[in-house]
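Here is a short briefing on one protein chain. Take a look at the structure first, then read the points below.

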Amino acid sequence: MRRRRRRNRTGLFLVMTVVLLFCATLGIHSISLKANCLELQKQKQELQQKKDELQKEKKSIQEQKAYMQTDEYIENAAREKFGLVYDDEIIFKAE
């Protein structure tokens, strides 16, 4: 009878030890995953900000492209770069 009690206690002790080790391992992995999750959320925010900045830059470039296709831009570029004027215009130059 004593042997059975010892075996039962020993078996119970082993089962409790295995369960305790399992719980400890699970807790450690849980903490690790939470830290990883926070790091990924931080990266997500940084990438979202970068995406927003790039979208603003893209919009600015598209507006500039549309302006560069207008007659007003072509006329200004011709005046500034090549000094072109209309036939009825007079140019005054400072000394």
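**A charged pair on a helix**

At 32% relative accessibility, E75 counts as partly exposed, because that value falls between the 20% and 50% cut-offs. Keep in mind that this is a predicted model. E75 has a partner, R79, and their side chains meet in a salt bridge.

**The salt bridge**

- R79 is also partly exposed, at 30% relative accessibility.
- The N to O distance between R79 and E75 is 3.5 Å, which counts because the limit for a salt bridge is 4 Å.
- How many salt bridges does the count give? It comes to 1 salt bridge.

**The helix that holds the pair**

- R79 and E75 both sit in helix α2.
- They are 4 residues apart, about one turn of the helix.
- An α-helix has 3.6 residues a turn, so residues three or four places apart point the same way.
- Helix α2 runs over residues 71–82 and has 12 residues.
- From its first C-alpha to its last, α2 reaches 16 Å, close to the 16 Å expected at 1.5 Å a residue.
- What follows α2? G83 does, and its phi is positive, near 70°.

**The cysteines**

- C23 is partly exposed, with a relative accessible area of 45%.
- C37 is partly exposed too, with a relative accessible area of 38%.
- A disulfide is a covalent bond between the sulfur atoms of two cysteines.
- The count of disulfides here comes to 0.

Note on methods. Residues numbered from 1 in each chain as written. Predicted model: local features only at pLDDT ≥ 70, side-chain atom pairs only at ≥ 80, totals over all residues. Heavy atoms only, no water. Disulfide = S-S within 2.5 Å. Buried < 20%, exposed > 50% of the residue type's maximum accessible area, 1.4 Å probe, protein only. Helix = DSSP H or I, 4+ residues; strand = E, 2+ residues; numbered from the N terminus. Expected span 1.5 Å × (residues − 1).
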